[in-house]
Amino acid sequence: MRLIVEVNGMHYLRGENMGDVRKNNRTRFLEIMFKYGPVSRSEISEISGLTPPTVTALANELLSEGLVEEFGIDTGNRALGRKRIQLSLVKNSRLVIGVEIGVKQILAGLVNLSGEMLIKRSVMITFKEPDTVIRQTIDLIRDIVKECQDKKVIGIGIGATGLVDSDAGVVRNSPNLEWRNIQLRELLEREIAIPVVVDNNVRLMALGENTFLNHWSEVSGLILIHAGYGIGCGIILNGQLYCGNSFSAGEFGHTVIMPNGILCSCGKHGCLETLASGRAMTSAYRQKKSLEDLEYSKIMEKLLKNAENGEQGAVDILSEAGTYMGYGINNLISLFAPDSIILHGSLFHSEIYTTPVMKLIQENHYGNSERITIKQSQVDDELVILGAGALALQRFLICKIVTG
Ligand SMILES: [Zn+2]
C-alpha cells in the first residue's frame with residue numbers, strides 16, 4: 001500500500017497509525033485467502049508473518065461479516081493445534097460488476113470472488129456520444145443489480161479503450177470512441193450508489209488473466225498481447241499491473257516497426273498497428289479484392305476463410321502481418337524478459353497468422369525464449385469483464401492499490 005502523502009507539492013512517507021496497521025493486516029489476510037485459500041489460521045500466520053492473536057482476531061472479524069467460513073475437523077487436541085480447521089472465502093458473499101465499454105457494444109457481467117460470471121448482459125452501441133453510452137452503461141448495471149436482488153455488489157470496474165487515467169477515473173483520449181476527457185467514474189457514481197473504478201480495457205485483460213486464470217500469481221512479468229481490430233498489451237510486473245507515466249503504458253500497437261511505413265492514426269509512420277492489426281490486414285485485402293462496400297468484420301471473415309482455402313493473396317497478408325507481430329513480440333521479450341506471454345484476440349486463432357509469430361519467438365535465443373511460457377488465453381470477450389471485476393475486488397474489498 002502506498003504510504004506517500006503530498007504536502008505543498010512535496011511527497012512524504014506517511015507514518016502508520018493503528019488504523020493503518022489494522023487495515024494493512026486485513027489486506028494481507030484477505031490477499032492470502034484469495035491466493036492460497038483454503039488455509040488454516042496457523043498457515044496464514046506463517047505466510048503473512050502476522051502473530052497468531054492477530055490472525056485469530058481477523059478471522060473472527062471476517063467470519064462475523066460472512067466473508068469467510070470454516071470447514072474441516074477440530075482435532076480437539078490443543079497440543080496439535082486446530083490445524084485441520086481451514087478458512088475459505090464464501091465465494092458469493094460479495095460480488096462485483098465488470099463492464100467493458102467497447103467500440104461496438106457494452107458488455108457487463110456479475111462476478112463472484114472466484115471469478116465465476118453469474119450474469120452476463122450486453123447492449124449494442126448505436127451512437128458513440130458519451131452521454132448516450134454512459135446512459136446505456138448505467139441501465140445495464142441497474143439491470144444486473146436488480147437481477148441479483150439481495151446479493152451484495154461492492155464495486156464496479158469499467159474497462160474502456162484508449163488512454164484511461166485510473167486515479168482520476170477519466171477517459172483522457174479514446175480515438176475509437178472519439179471521447180476526450182470524459183469523467184467516467186464521477187458520471188457513473190453520481191447515478192449509481194456503488195463505488196466505481198475505471199481503467200484501460202487491454203490492461204484489464206492482463207489483470208483478469210493473472211487474477212482468475214493464473215490464480216492471483218505474483219509473476220515477475222506477464223505480458224498479455226491483444227490483437228484484433230487494433231493491437232495493445234497489458235503488463236504485470238512483480239504481480240502488479242503496470243500503468244506507466246500518465247497511465248500510458250501498453251501502447252504496443254504504436255511502437256514503430258517500419259520507419260518509412262504507412263501513416264498511422266497516431267501521426268507516426270510504420271507503427272505495428274499499420275502492419276499487423278486486423279484493421280491493417282482488412283485494409284490491404286479490401287484494396288486487393290475491391291471490397292470497398294464491405295464492413296470490417298465481413299472482410300475479415302472473407303480473408304480468414306479464403307486463406308484457409310489456400311488463396312495465396314490472403315495467405316500472404318496473414319503471414320506477413322504475423323511476421324511483423326513476431327518482431328514486435330520479440331522486442332517486448334528483449335525489453336521485459338517476462339515469465340509468461342498470453343496471446344489474446346481473434347487474430348491469434350488463425351494458424352496462418354500465429355505460425356510466423358511462434359517461429360520468430362522460438363528463434364529469439366537472445367531473449368531466452370525457451371524459458372518463457374507462451375499460450376493463448378482461454379477466455380475471449382469476457383476477459384475485460386473479469387479484469388474489471390478483479391480491479392474492483394482489489395480496490396474495494398482487499399483495499400489494495402494495484403497499479404504502478
Ligand atoms: Zn501509431
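This is a predicted model: local features need pLDDT of at least 70, side-chain atom pairs count only at pLDDT 80 or more; totals for chains, interfaces and linings use all residues.
User: Why does V111 count as buried?

Analyst: Buried means under 20% relative accessible area, exposed over 50%, partly exposed in between (1.4 Å probe, protein chains only). V111 has 0% relative accessibility, so V111 counts as buried. V111 is found in strand 7, residues 105–111; strands are DSSP runs of E with at least two residues, helices are runs of H or I with at least four, and both are numbered from the N terminus.

User: What makes H254, C264, C266 and C271 donors of the zinc ion?

Analyst: Donors are N, O and S atoms within 2.8 Å of the metal (3.2 Å for Na, K and Ca); water is not among the atoms, so sites may look incomplete. Here H254 (ND1), C264 (SG), C266 (SG) and C271 (SG) lie 2.0 to 2.4 Å from the zinc ion. Along the chain, the donors follow the spacing H-x9-C-x1-C-x4-C. H254 and C264 are both buried.

User: And why is the arrangement around the zinc ion called tetrahedral?

Analyst: Four donors count as tetrahedral if all angles lie between 85 and 135 degrees. The 4 donor atoms subtend angles of 101 to 126 degrees, so the arrangement is tetrahedral. For reference, the ideal angle for four tetrahedral donors is 109.5 degrees.

User: What makes a set of residues a nonpolar core?

Analyst: The members must be buried Ala, Val, Leu, Ile, Met, Phe, Trp, Tyr and Cys residues joined through side-chain atoms within 4.5 Å. The largest such core has 47 residues, and F29, M33, F34, I44, L89 and L393 touch the most other members. Helix 12 gives the largest share, 9 residues.

User: Why do strand 10 and strand 12 stand at the edges of their sheet?

Analyst: Two strands pair if DSSP finds at least two bridges between them. The open sheet has 3 strands in the order 10-11-12, with antiparallel pairing. Strand 10 (163–165) and strand 12 (179–182) each have a single partner strand, so one side of each is left without a neighbour in the sheet. Strand 10 and strand 11 (residues 170–174) are joined by 3 bridges.

Conventions: Residues are numbered from 1 along each chain as its sequence is written. Side-chain values use heavy atoms; hydrogens and water are left out. Four donors count as tetrahedral if all angles lie between 85 and 135 degrees; four count as square planar and six as octahedral if opposite donors are over 155 degrees apart and all others between 65 and 115; anything else is irregular.
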